[in-house]
Amino acid sequence: MAATDGKGESNRLQLYSYWRSSCSFRIRIALNLKGLDYEYKAVSLITGEQFSPDFLKLNPMGYVPVLVDGDVVISDSFAILMYLEEKYPQHPLLPKDLKLKATHFQAANIVSANIQPLQNLAILKYIEDKFGPDEKAPWCLSHIQRGFNALEKLLKNYAGTYATGDEIYLADLFLVPQIHAVVNRFNMDMSEFSLLSRLYEAYKEVPAVQNAMPEKQPDAPAEARG
């Protein structure tokens, strides 16, 4: 389904993304759930394309994702999700119940503010330069475990098939990439996180999630595609 400009004219969205970026992963899931057609614009974080002059015009922070919708440019994943929710209301990303909505914001913020930023490439490079390469994994795992413990406690009284029932909403979009990274990048033992493990198995059955997986993106290296 293509986005429209309100006058019936096609206005294809553009997503600047990196295959392994969990923040970009969130947006890909949302776009798929809402049935929005988009052009994938690969940005290699390994070669430093995010610091090119052209990309910095889109996001001066040099981060992905960036969503371009006509003359609208948004460069933060949370802001992008809220924009998509307001402009494209099909498949809502937030429940109407205020308590559940607040729970989704809490869960999303645990991931986006307290886990993911502490494991991104810039932070890991800093840890390696300051303390050595052997300190990167302990650093990541300590913050992931703390965040996952909080998520298990937050969601234990709400979870159904997904984070707060049988519909995929905002929190799920943050949980999928984070758990995927833990399993595939950090090789963390998930046995102590039974709820998150169960949710992740359910997510893997959802086509919108499957099609957003890092290994299925056009810029994923051949070895990641399996």
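Predicted model: local features only at pLDDT ≥ 70, side-chain atom pairs only at ≥ 80, totals over all residues.
Trainee: Why are α4 and α7 called roughly parallel?

Mentor: The axes of α4 (residues 98-114) and α7 (residues 170-184) cross at roughly 25°. The limit is under 35 degrees. Therefore α4 and α7 are roughly parallel to each other. The two axes come within 8 Å.

Trainee: Which residues of α4 and α7 meet?

Mentor: Contact needs heavy atoms within 4.5 Å. Among them are Phe105 and Val111 in α4, and Phe174 and Leu175 in α7.

Trainee: Why is Ser44 called buried?

Mentor: Its relative accessible area is 19%. Buried means under 20%, exposed over 50%, partly exposed in between (1.4 Å probe, protein chains only). So Ser44 is buried. Ser44 lies in the loop between β2 (38-42) and α2 (53-58). Leaving aside neighbours within four places in sequence, Ser44 is in contact with Tyr18, Glu49 and Gln50.

Trainee: How do you know that β3 and β4 pair?

Mentor: Pairing takes at least two DSSP bridges. Strand β3 (residues 66-69) and β4 have three, in the antiparallel sense. Leu67 stands opposite Ile74 in β4.

Trainee: What is the strand order in the open sheet?

Mentor: The order is β2-β1-β3-β4, with mixed pairing. The edge strands are β2 and β4 (72-74), each pairing on one side only.

Key. Residues numbered from 1 in each chain as written. Heavy atoms only, no water. Axes fitted to C-alpha atoms, helices over the stretch in contact; angles between N-to-C directions. Helix = DSSP H or I, 4+ residues; strand = E, 2+ residues; numbered from the N terminus. Parallel < 35°, antiparallel > 145°, perpendicular 65-115°, else oblique.
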